[in-house]
Amino acid sequence: MKASLAHTPYDGSSRLFAIGLKPLDPARWIETDALLLPYLAEKRRLYAELPGKVFVEEPGTRDAQAEVLAVLESWLAAHRPDTHRQAGGRVEVVGAPQDMPAIAEAPLAAASLLVQDDLILMRRGDSGWRLVAGSLCFPSSWSLVEKFGRPLQEIHGPVPGFGPGTRPDELIARMFDGLQGQAVERFNWSIQAGDALYNPLSGVQRDDRAKKRPSEFPDGDLNANAFIRVERQTLRKLPVSRDILFTIRIHLDPLRVLERHPDRARLAASFAGQLAELDVEQLDYKGLTADRDRLVDWLNGMAAG
């Protein structure tokens with residue numbers, strides 16, 4: 001896929017293992033770019049081949065799903081007229097197939113075929129905010145099926161420093177409760193081998209990876225195989241259902257594209273510095289324990305050059 005470096009949170013503006021929620025201009029809510037149609041084609045492929053792994057819904061969520069679809073259609077028609085158009089009372093993507101797969105009977109799945117983002121619906125219950133429906137075609141090392149129906153504190157349980165009872169866990173719960181009509185955003189990032197958008201990881205696989213600490217790049221060729229994976233995440237509370245829509249947009253760029261960036265020295269130095277600061281538990285969670293040092297050396301070499 002074409003490299004863009006649309007976001008560089010590793011410049012120090014977004015720290016790993018930090019909440020980092022910031023207010024978002026409503027006009028910037030959903031991003032579209034030249035990869036819109038390829039991303040949607042990949043979603044259709046995954047819906048056809050792995051529907052049970054990339055889409056989930058609880059009974060009683062269809063009204064909220066329909067609200068998501070209506071909110072997205074209204075926003076896209078107003079803010080993205082170059083990529084989306086009104087047709088027969090609905091909004092469609094210019095240039096995309098207009099036949100809908102069977103899974104699109106669920107409004108959240110239909111909504112997911114309008115945008116590059118994954119869409120997660122969170123609902124407040126007795127146990128806190130739970131994942132009650134979701135379209136997750138591009139997971140960043142987690143499993144939608146495993147997180148389905150679970151509250152935030154359990155969803156974040158494996159994340160170092162974010163488990164049940166921690167201060168970040170309590171802060172996130174309060175932020176969710178206090179969120180109103182405004183949208184907020186945050187960024188997360190990591191390094192992966194290859195450019196696969198669909199990059200799931202089960203809890204068992206994560207534990208095994210942390211125990212064995214394999215290299216993601218056994219051939220040693222970071223220049224060819226290392227990709228920066230940036231997640232742009234947004235949150236907004238829906239006006240009618242009061243559920244929260246969590247969107248996740250994935251940006252994938254080869255690590256080597258940093259060499260062509262006009263600010264490459266500063267970006268590479270900050271990137272290396274953040275990786276160097278990670279402790280063993282954080283490195284194990286990211287799957288970077290075996291590769292951190294050579295990634296840091298590679299980035300520091302770019303910063304020095």
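Arginine 242 is partly exposed, with a relative accessible area of 36%. Partly exposed means between the two cut-offs: buried is under 20% relative accessible area, exposed is over 50%, with a 1.4 Å probe and protein chains only. Arginine 242 sits in the loop between β8 (226-237) and β9. Helices here are DSSP runs of H or I with at least four residues, strands are runs of E with at least two, and both are numbered from the N terminus. Phi of arginine 242 is near 65°, positive although the residue is not glycine.

A word on the model. It is predicted, so local features need pLDDT of at least 70 and side-chain atom pairs count only at pLDDT 80 or more, while totals for chains, interfaces and linings use all residues. Residues are numbered from 1 along each chain as its sequence is written, and side-chain values use heavy atoms, with hydrogens and water left out.

Next, arginine 213. Arginine 213 also has a positive phi, about 50°, and is not a glycine. Its loop runs between α8 (203-212) and α9 (222-225). Arginine 213 is partly exposed, at 40% relative accessibility. Which residue does the side chain of arginine 213 meet in a salt bridge? Aspartate 284, at 2.9 Å, N to O. The pair links distant parts of the chain, 71 residues apart, with aspartate 284 in helix α11 (residues 280-286). Aspartate 284 counts as buried, at 12%. A salt bridge, by the way, is a side-chain nitrogen of Lys or Arg within 4 Å of a carboxyl oxygen of Asp or Glu.

How many salt bridges does a search of the whole structure find? The search finds 19. Here are some examples. Arginine 45 pairs with glutamate 49, their closest N and O atoms 2.8 Å apart. Both lie in helix α1, 4 residues apart, about one turn of the helix. Aspartate 293 meets arginine 292 at 3.1 Å, N to O. Aspartate 293 is exposed, at 53%, and arginine 292 is buried, at 16%. Arg28, Glu31, Glu185 and Arg232 are linked in a network of salt bridges.

Last, aspartate 253. Aspartate 253 lies in strand β9 (residues 244-254). This residue is buried yet has no salt bridge. The nearest side chain of opposite charge, arginine 260, is 7.7 Å away. Lys and Arg count as positive, Asp and Glu as negative; His and the chain ends are not counted. A polar atom of the aspartate 253 side chain does lie 3.3 Å from the backbone nitrogen of leucine 5.

Note on methods
Polar contact = N/O pair within 3.5 Å; in protein donor to acceptor, adjacent residues only side chain to side chain.
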